Amino acid sequence: MASDEHISLSEASRRSGVSASTLKRWAEERVIPVKRGRWTPVAAAQARVVARMRERGHSLEELKRAGREGKLAFGLAEDLFPSAEAEVTIEQAAAETGLEPELIERLQTMLGTPAGQEDTLTFSDLEAMRYCASILDAGLPLVAFLQMVRVYVQSLRRVADAEVRLFHLFVHEPLIRDGVPELEMAEEMQDLAADLLPLSTPLFEYMHGRYLRFFIEQDVVGHMESELGRDTSIGRVLVTLCFIDLTGFTRYTEEEGDEEALDVIERFIETVEATLPAEATIVKTIGDEVMIVSPDPASLTEWSVGFLGLFQERPQPRVGIHHGYAVYRYGDYFGTEVNLVHRIVNRALGGEVLVTDRVAESISKNAYLETEPIGEVDLKGFPTATPLYIVRSAA
(Lines give C-alpha, C1' and ligand atoms only; values in the text may rest on other atoms or scores of the structure.)
Protein backbone atom coordinates (compact mmCIF):
# COMPACT_ATOMS: atom_id res chain seq x y z
CA MET A 1 0.00 0.00 0.00
CA ALA A 2 1.36 3.45 -0.91
CA SER A 3 0.55 4.69 2.60
CA ASP A 4 3.43 2.50 3.89
CA GLU A 5 5.97 4.66 2.03
CA HIS A 6 8.30 6.56 4.35
CA ILE A 7 9.65 10.03 3.62
CA SER A 8 12.16 12.22 5.41
CA LEU A 9 11.16 14.97 7.80
CA SER A 10 12.50 17.56 5.35
CA GLU A 11 10.40 16.08 2.54
CA ALA A 12 7.32 16.10 4.79
CA SER A 13 8.07 19.76 5.51
CA ARG A 14 8.31 20.53 1.79
CA ARG A 15 5.07 18.74 0.96
CA SER A 16 3.08 20.26 3.81
CA GLY A 17 4.56 23.76 3.75
CA VAL A 18 5.18 23.50 7.51
CA SER A 19 8.58 23.89 9.18
CA ALA A 20 10.33 20.72 10.36
CA SER A 21 10.38 21.90 13.98
CA THR A 22 6.60 22.49 13.93
CA LEU A 23 6.00 19.07 12.37
CA LYS A 24 8.05 17.40 15.13
CA ARG A 25 6.04 19.26 17.78
CA TRP A 26 2.72 18.29 16.18
CA ALA A 27 3.84 14.67 16.01
CA GLU A 28 4.90 14.68 19.68
CA GLU A 29 1.52 16.17 20.68
CA ARG A 30 -0.26 13.53 18.52
CA VAL A 31 -1.93 16.11 16.31
CA ILE A 32 -0.47 14.23 13.32
CA PRO A 33 -0.49 10.38 13.21
CA VAL A 34 3.26 9.62 13.04
CA LYS A 35 4.39 6.20 14.25
CA ARG A 36 7.87 5.84 15.74
CA GLY A 37 8.96 9.10 14.12
CA ARG A 38 8.45 7.77 10.58
CA TRP A 39 6.82 10.29 8.29
CA THR A 40 4.60 9.26 5.37
CA PRO A 41 2.87 11.12 2.51
CA VAL A 42 -0.38 10.67 4.44
CA ALA A 43 1.02 12.37 7.53
CA ALA A 44 2.39 15.22 5.39
CA ALA A 45 -1.01 15.65 3.76
CA GLN A 46 -2.72 15.79 7.13
CA ALA A 47 -0.15 18.32 8.35
CA ARG A 48 -1.00 20.53 5.40
CA VAL A 49 -4.67 20.40 6.41
CA VAL A 50 -3.82 21.11 10.05
CA ALA A 51 -1.80 24.15 8.94
CA ARG A 52 -4.77 25.48 6.99
CA MET A 53 -7.04 24.96 10.00
CA ARG A 54 -4.54 26.72 12.26
CA GLU A 55 -4.57 29.70 9.88
CA ARG A 56 -8.36 29.79 10.28
CA GLY A 57 -8.01 30.12 14.05
CA HIS A 58 -8.51 26.53 15.28
CA SER A 59 -6.46 25.50 18.33
CA LEU A 60 -4.26 22.42 18.46
CA GLU A 61 -6.57 20.94 21.09
CA GLU A 62 -9.54 21.28 18.71
CA LEU A 63 -7.55 19.66 15.92
CA LYS A 64 -6.31 16.90 18.19
CA ARG A 65 -9.89 16.13 19.20
CA ALA A 66 -10.99 16.24 15.55
CA GLY A 67 -8.25 13.75 14.73
CA ARG A 68 -9.39 11.36 17.46
CA GLU A 69 -12.98 11.60 16.19
CA GLY A 70 -11.86 10.79 12.65
CA LYS A 71 -12.72 14.17 11.15
CA LEU A 72 -9.24 14.47 9.62
CA ALA A 73 -9.11 10.86 8.47
CA PHE A 74 -9.21 11.60 4.75
CA GLY A 75 -5.42 12.13 4.59
CA LEU A 76 -4.93 8.64 3.11
CA ALA A 77 -6.72 9.82 -0.03
CA GLU A 78 -3.43 11.58 -0.88
CA ASP A 79 -2.15 8.23 -2.12
CA LEU A 80 -4.86 7.99 -4.79
CA PHE A 81 -3.48 10.89 -6.82
CA PRO A 82 -0.15 11.43 -8.58
CA SER A 83 2.49 13.54 -6.90
CA ALA A 84 2.12 17.26 -7.50
CA GLU A 85 5.91 17.76 -7.54
CA ALA A 86 6.88 20.45 -10.08
CA GLU A 87 9.13 19.29 -12.90
CA VAL A 88 9.23 21.84 -15.77
CA THR A 89 9.04 25.61 -16.15
CA ILE A 90 6.42 27.39 -18.23
CA GLU A 91 9.13 28.33 -20.73
CA GLN A 92 10.15 24.67 -21.10
CA ALA A 93 6.52 23.65 -21.54
CA ALA A 94 6.09 26.34 -24.21
CA ALA A 95 9.15 25.10 -26.11
CA GLU A 96 7.92 21.49 -25.99
CA THR A 97 4.24 22.11 -26.88
CA GLY A 98 4.54 25.10 -29.20
CA LEU A 99 2.06 27.07 -27.09
CA GLU A 100 2.85 30.64 -26.12
CA PRO A 101 3.93 31.02 -22.46
CA GLU A 102 1.13 33.55 -21.94
CA LEU A 103 -1.42 31.01 -23.21
CA ILE A 104 -0.05 28.32 -20.89
CA GLU A 105 -0.32 30.73 -17.95
CA ARG A 106 -3.89 31.55 -18.97
CA LEU A 107 -4.82 27.89 -19.25
CA GLN A 108 -3.23 27.08 -15.88
CA THR A 109 -5.21 29.90 -14.31
CA MET A 110 -8.45 28.65 -15.89
CA LEU A 111 -7.69 25.14 -14.66
CA GLY A 112 -7.31 26.46 -11.12
CA THR A 113 -3.53 26.74 -10.90
CA PRO A 114 -2.74 30.47 -10.89
CA ALA A 115 0.55 31.07 -12.71
CA GLY A 116 1.31 33.91 -10.33
CA GLN A 117 1.62 31.35 -7.55
CA GLU A 118 3.13 28.45 -9.47
CA ASP A 119 5.63 29.16 -12.23
CA THR A 120 6.36 25.47 -12.80
CA LEU A 121 4.28 22.59 -14.17
CA THR A 122 4.05 18.95 -13.14
CA PHE A 123 4.41 16.24 -15.76
CA SER A 124 0.61 15.83 -15.60
CA ASP A 125 0.22 19.55 -16.33
CA LEU A 126 2.63 19.23 -19.24
CA GLU A 127 0.67 16.30 -20.67
CA ALA A 128 -2.52 18.38 -20.45
CA MET A 129 -0.80 21.21 -22.34
CA ARG A 130 0.14 18.72 -25.06
CA TYR A 131 -3.53 17.80 -25.41
CA CYS A 132 -4.43 21.48 -25.65
CA ALA A 133 -1.82 22.05 -28.35
CA SER A 134 -3.12 19.06 -30.33
CA ILE A 135 -6.70 20.39 -30.20
CA LEU A 136 -5.59 23.79 -31.49
CA ASP A 137 -3.40 22.17 -34.17
CA ALA A 138 -6.45 20.22 -35.34
CA GLY A 139 -8.08 23.52 -36.30
CA LEU A 140 -10.40 24.53 -33.45
CA PRO A 141 -10.29 28.36 -33.15
CA LEU A 142 -8.64 29.63 -29.97
CA VAL A 143 -11.74 31.60 -28.89
CA ALA A 144 -13.87 28.43 -29.12
CA PHE A 145 -11.22 26.33 -27.38
CA LEU A 146 -10.97 28.72 -24.40
CA GLN A 147 -14.73 28.69 -24.00
CA MET A 148 -14.75 24.90 -24.12
CA VAL A 149 -12.03 24.69 -21.45
CA ARG A 150 -13.96 27.03 -19.18
CA VAL A 151 -17.12 24.92 -19.55
CA TYR A 152 -15.11 21.77 -18.74
CA VAL A 153 -13.63 23.43 -15.66
CA GLN A 154 -16.94 24.77 -14.36
CA SER A 155 -18.71 21.45 -14.92
CA LEU A 156 -16.00 19.23 -13.47
CA ARG A 157 -15.56 21.49 -10.44
CA ARG A 158 -19.23 20.88 -9.69
CA VAL A 159 -18.79 17.14 -10.27
CA ALA A 160 -15.76 16.90 -7.97
CA ASP A 161 -17.45 19.05 -5.33
CA ALA A 162 -20.53 16.80 -5.42
CA GLU A 163 -18.39 13.65 -5.20
CA VAL A 164 -16.54 14.89 -2.12
CA ARG A 165 -19.65 16.23 -0.40
CA LEU A 166 -21.68 13.07 -1.02
CA PHE A 167 -18.78 10.86 0.08
CA HIS A 168 -18.56 12.94 3.26
CA LEU A 169 -22.30 12.81 3.96
CA PHE A 170 -22.90 9.13 3.22
CA VAL A 171 -19.54 7.50 4.06
CA HIS A 172 -17.40 9.66 6.32
CA GLU A 173 -20.13 10.94 8.67
CA PRO A 174 -21.65 7.46 9.31
CA LEU A 175 -18.17 6.13 10.18
CA ILE A 176 -17.68 8.98 12.64
CA ARG A 177 -21.10 8.32 14.22
CA ASP A 178 -20.24 4.63 14.56
CA GLY A 179 -17.07 5.52 16.47
CA VAL A 180 -14.71 3.74 14.07
CA PRO A 181 -11.05 4.31 15.12
CA GLU A 182 -9.21 6.97 13.10
CA LEU A 183 -6.72 4.70 11.33
CA GLU A 184 -9.33 2.05 10.53
CA MET A 185 -11.69 4.77 9.26
CA ALA A 186 -9.02 6.26 7.03
CA GLU A 187 -8.16 2.85 5.58
CA GLU A 188 -11.83 2.04 4.92
CA MET A 189 -12.33 5.35 3.18
CA GLN A 190 -9.19 4.89 1.10
CA ASP A 191 -10.20 1.40 0.03
CA LEU A 192 -13.67 2.57 -1.05
CA ALA A 193 -12.29 5.63 -2.86
CA ALA A 194 -9.67 3.47 -4.58
CA ASP A 195 -12.44 1.16 -5.84
CA LEU A 196 -14.67 4.01 -7.04
CA LEU A 197 -12.11 6.35 -8.63
CA PRO A 198 -11.17 4.08 -11.60
CA LEU A 199 -14.87 3.71 -12.46
CA SER A 200 -15.50 7.43 -12.91
CA THR A 201 -13.48 7.85 -16.14
CA PRO A 202 -15.29 5.17 -18.21
CA LEU A 203 -18.63 6.42 -16.83
CA PHE A 204 -17.75 9.99 -17.87
CA GLU A 205 -16.73 8.76 -21.33
CA TYR A 206 -20.02 6.91 -21.73
CA MET A 207 -22.13 9.91 -20.67
CA HIS A 208 -20.06 12.35 -22.73
CA GLY A 209 -20.42 10.23 -25.86
CA ARG A 210 -24.14 9.78 -25.28
CA TYR A 211 -24.82 13.52 -24.90
CA LEU A 212 -22.39 14.50 -27.66
CA ARG A 213 -24.26 12.30 -30.13
CA PHE A 214 -27.57 13.74 -28.98
CA PHE A 215 -26.51 17.38 -29.33
CA ILE A 216 -24.90 16.78 -32.72
CA GLU A 217 -28.28 15.56 -33.93
CA GLN A 218 -29.97 18.57 -32.33
CA ASP A 219 -27.52 20.92 -34.05
CA VAL A 220 -28.21 19.38 -37.46
CA VAL A 221 -31.96 19.66 -36.95
CA GLY A 222 -31.58 23.22 -35.71
CA HIS A 223 -29.66 24.25 -38.83
CA MET A 224 -32.32 22.76 -41.07
CA GLU A 225 -35.22 24.42 -39.26
CA SER A 226 -33.75 27.82 -38.36
CA GLU A 227 -34.40 30.91 -40.40
CA LEU A 228 -31.12 31.00 -42.26
CA GLY A 229 -29.75 34.43 -43.07
CA ARG A 230 -31.58 36.29 -40.32
CA ASP A 231 -28.61 36.61 -38.01
CA THR A 232 -25.23 35.37 -39.17
CA SER A 233 -23.22 36.86 -36.29
CA ILE A 234 -20.67 34.41 -34.91
CA GLY A 235 -21.64 33.18 -31.46
CA ARG A 236 -25.37 33.97 -31.77
CA VAL A 237 -27.84 31.10 -31.83
CA LEU A 238 -31.58 30.90 -32.44
CA VAL A 239 -33.09 29.25 -29.38
CA THR A 240 -36.16 29.10 -27.18
CA LEU A 241 -35.38 30.64 -23.79
CA CYS A 242 -37.37 29.83 -20.67
CA PHE A 243 -37.17 30.92 -17.04
CA ILE A 244 -39.23 29.18 -14.40
CA ASP A 245 -39.22 30.06 -10.70
CA LEU A 246 -41.33 29.89 -7.55
CA THR A 247 -43.61 32.86 -6.85
CA GLY A 248 -43.09 34.47 -3.45
CA PHE A 249 -40.26 32.13 -2.51
CA THR A 250 -38.56 34.67 -0.22
CA ARG A 251 -41.74 35.10 1.84
CA TYR A 252 -42.25 31.33 1.92
CA THR A 253 -38.72 30.89 3.31
CA GLU A 254 -39.39 33.45 6.03
CA GLU A 255 -42.63 31.70 7.00
CA GLU A 256 -41.55 28.06 6.78
CA GLY A 257 -37.80 28.18 7.45
CA ASP A 258 -34.70 27.39 5.41
CA GLU A 259 -34.89 23.60 5.60
CA GLU A 260 -38.47 23.36 4.35
CA ALA A 261 -37.71 25.91 1.63
CA LEU A 262 -34.67 23.91 0.46
CA ASP A 263 -36.77 20.74 0.38
CA VAL A 264 -39.27 22.52 -1.90
CA ILE A 265 -36.47 23.71 -4.21
CA GLU A 266 -35.08 20.20 -4.40
CA ARG A 267 -38.46 18.68 -5.30
CA PHE A 268 -39.09 21.53 -7.76
CA ILE A 269 -35.80 21.07 -9.65
CA GLU A 270 -36.07 17.27 -9.58
CA THR A 271 -39.56 17.51 -11.11
CA VAL A 272 -38.29 19.89 -13.80
CA GLU A 273 -35.42 17.52 -14.66
CA ALA A 274 -37.68 14.46 -14.71
CA THR A 275 -40.35 15.95 -16.97
CA LEU A 276 -38.48 18.14 -19.49
CA PRO A 277 -38.82 17.30 -23.20
CA ALA A 278 -35.84 15.32 -24.49
CA GLU A 279 -34.57 18.20 -26.63
CA ALA A 280 -34.66 20.76 -23.78
CA THR A 281 -31.65 21.45 -21.54
CA ILE A 282 -31.27 23.04 -18.12
CA VAL A 283 -28.60 25.73 -18.47
CA LYS A 284 -28.36 26.63 -14.79
CA THR A 285 -30.24 26.92 -11.52
CA ILE A 286 -29.97 29.99 -9.28
CA GLY A 287 -31.82 29.44 -6.02
CA ASP A 288 -35.45 28.77 -6.94
CA GLU A 289 -34.96 29.84 -10.57
CA VAL A 290 -34.24 27.47 -13.47
CA MET A 291 -33.07 28.57 -16.92
CA ILE A 292 -33.97 26.21 -19.76
CA VAL A 293 -33.24 26.29 -23.50
CA SER A 294 -34.76 24.29 -26.34
CA PRO A 295 -34.78 24.39 -30.14
CA ASP A 296 -38.56 23.90 -30.16
CA PRO A 297 -40.80 26.64 -28.67
CA ALA A 298 -43.99 24.59 -29.09
CA SER A 299 -42.86 21.51 -27.12
CA LEU A 300 -41.31 23.65 -24.37
CA THR A 301 -44.49 25.70 -23.99
CA GLU A 302 -46.64 22.58 -23.92
CA TRP A 303 -44.36 21.14 -21.24
CA SER A 304 -44.52 24.30 -19.12
CA VAL A 305 -48.33 24.31 -19.10
CA GLY A 306 -48.36 20.64 -18.11
CA PHE A 307 -45.70 21.21 -15.47
CA LEU A 308 -47.70 23.92 -13.73
CA GLY A 309 -50.62 21.52 -13.53
CA LEU A 310 -48.35 18.80 -12.17
CA PHE A 311 -46.49 20.81 -9.50
CA GLN A 312 -49.25 21.85 -7.14
CA GLU A 313 -47.13 22.66 -4.10
CA ARG A 314 -46.88 26.08 -2.50
CA PRO A 315 -45.23 28.34 -3.61
CA GLN A 316 -46.54 28.04 -7.17
CA PRO A 317 -44.18 28.08 -10.17
CA ARG A 318 -44.48 30.65 -12.97
CA VAL A 319 -42.94 30.62 -16.46
CA GLY A 320 -41.69 33.09 -19.06
CA ILE A 321 -40.79 31.95 -22.61
CA HIS A 322 -39.36 33.69 -25.68
CA HIS A 323 -37.92 32.51 -29.00
CA GLY A 324 -35.01 34.53 -30.37
CA TYR A 325 -31.28 34.97 -30.82
CA ALA A 326 -28.93 34.80 -27.86
CA VAL A 327 -25.16 35.08 -27.50
CA TYR A 328 -23.62 31.74 -26.52
CA ARG A 329 -20.54 31.92 -24.28
CA TYR A 330 -18.96 29.43 -21.87
CA GLY A 331 -21.95 27.10 -21.91
CA ASP A 332 -24.37 29.91 -21.02
CA TYR A 333 -26.63 32.33 -22.92
CA PHE A 334 -26.46 36.12 -22.76
CA GLY A 335 -27.91 39.22 -24.38
CA THR A 336 -31.02 41.34 -24.72
CA GLU A 337 -33.32 38.43 -25.49
CA VAL A 338 -32.25 36.59 -22.32
CA ASN A 339 -32.91 39.73 -20.27
CA LEU A 340 -36.31 39.99 -21.92
CA VAL A 341 -37.34 36.51 -20.76
CA HIS A 342 -36.19 37.28 -17.25
CA ARG A 343 -38.40 40.38 -17.18
CA ILE A 344 -41.33 38.36 -18.53
CA VAL A 345 -41.20 35.68 -15.84
CA ASN A 346 -41.09 38.40 -13.18
CA ARG A 347 -44.40 39.76 -14.56
CA ALA A 348 -46.11 36.36 -14.47
CA LEU A 349 -48.37 35.35 -11.59
CA GLY A 350 -48.13 32.04 -9.77
CA GLY A 351 -49.40 29.21 -11.99
CA GLU A 352 -49.09 31.36 -15.14
CA VAL A 353 -47.19 30.83 -18.40
CA LEU A 354 -46.36 34.11 -20.17
CA VAL A 355 -44.94 34.04 -23.72
CA THR A 356 -44.02 36.49 -26.47
CA ASP A 357 -45.74 36.76 -29.85
CA ARG A 358 -43.09 34.56 -31.53
CA VAL A 359 -43.89 31.72 -29.14
CA ALA A 360 -47.65 32.32 -29.42
CA GLU A 361 -47.36 32.05 -33.19
CA SER A 362 -45.51 28.73 -32.93
CA ILE A 363 -48.37 27.16 -30.93
CA SER A 364 -51.25 28.75 -32.83
CA LYS A 365 -52.25 25.39 -34.34
CA ASN A 366 -51.64 23.34 -31.21
CA ALA A 367 -54.92 21.65 -30.27
CA TYR A 368 -53.85 21.23 -26.65
CA LEU A 369 -53.06 24.86 -25.91
CA GLU A 370 -54.88 28.17 -26.07
CA THR A 371 -53.49 31.69 -25.82
CA GLU A 372 -54.95 34.86 -24.39
CA PRO A 373 -53.36 38.19 -25.37
CA ILE A 374 -52.93 40.59 -22.45
CA GLY A 375 -51.71 43.47 -24.59
CA GLU A 376 -48.41 45.28 -24.86
CA VAL A 377 -46.62 45.34 -21.52
CA ASP A 378 -43.91 47.78 -20.43
CA LEU A 379 -40.90 45.83 -19.15
CA LYS A 380 -38.10 47.47 -17.19
CA GLY A 381 -35.07 48.23 -19.35
CA PHE A 382 -36.90 47.93 -22.68
CA PRO A 383 -37.85 51.13 -24.56
CA THR A 384 -40.88 49.67 -26.32
CA ALA A 385 -43.76 47.63 -24.91
CA THR A 386 -43.75 43.87 -25.48
CA PRO A 387 -46.86 41.95 -26.63
CA LEU A 388 -47.45 39.11 -24.15
CA TYR A 389 -49.81 36.13 -24.07
CA ILE A 390 -51.02 33.81 -21.31
CA VAL A 391 -50.93 30.17 -22.39
CA ARG A 392 -53.32 27.61 -20.86
CA SER A 393 -54.40 24.08 -21.49
CA ALA A 394 -57.23 23.94 -24.03
CA ALA A 395 -58.87 21.29 -21.88
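## Aromatic rings, a helix face and some strands

Trp-303 and Phe-307 are both buried, where buried means under 20% relative accessible area, exposed over 50% and partly exposed in between (1.4 Å probe, protein chains only). Before going on, please note that this is a predicted model, in which local features need pLDDT of at least 70 and side-chain atom pairs count only at pLDDT 80 or more, while totals for chains, interfaces and linings use all residues. Residues are numbered from 1 along each chain as its sequence is written, and side-chain values use heavy atoms, leaving out hydrogens and water.

How many aromatic pairs does the structure hold? There are three. Rings of Phe, Tyr and Trp (its six-membered ring) pair if their centres lie within 6.5 Å; planes under 30 degrees apart count as stacked, over 60 as edge-to-face and the rest as tilted. The ring centres of Trp-303 and Phe-307 are 5.2 Å apart and the planes meet at 35 degrees, so this pair is tilted. Because they sit four residues apart in helix α12 (residues 297-310), about one helical turn separates Trp-303 and Phe-307. Ring pairs also bring in Phe-268, giving a cluster of Phe-268, Trp-303 and Phe-307.

Helices (H or I, at least four residues) and strands (E, at least two) are DSSP runs, numbered from the N terminus. In helix α2 (residues 20-28), the buried residues are Thr-22, Leu-23, Trp-26 and Ala-27. Seen down the axis of α2, they fall within an arc of 135 degrees, so they line one face of the helix; the arc is taken from the directions from the helix axis to the C-beta atoms. On the other side of α2, Ser-21 and Glu-28 are exposed. The buried residues of α2 pack against these helices (contact means heavy atoms within 4.5 Å):

| Helix packed against α2 | Residues |
|---|---|
| α1 | 9-16 |
| α3 | 41-55 |
| α4 | 60-68 |

Now for the strands. Strand β4 (residues 281-286) and strand β5 (residues 289-294) pair in the antiparallel sense over five bridges; two strands pair if DSSP finds at least two bridges between them. Thr-281 has Val-293 in β5 as its bridge partner. Two residues lie between β4 and β5 in this hairpin, and Gly-287 in the turn has a positive phi of about 65 degrees.

Is Glu-376 buried or exposed? Glu-376, in strand β9 (residues 369-377), is exposed, with a relative accessible area of 60%. Leaving aside neighbours within four places in sequence, Glu-376 is in contact with Ala-385, Thr-386 and Pro-387.
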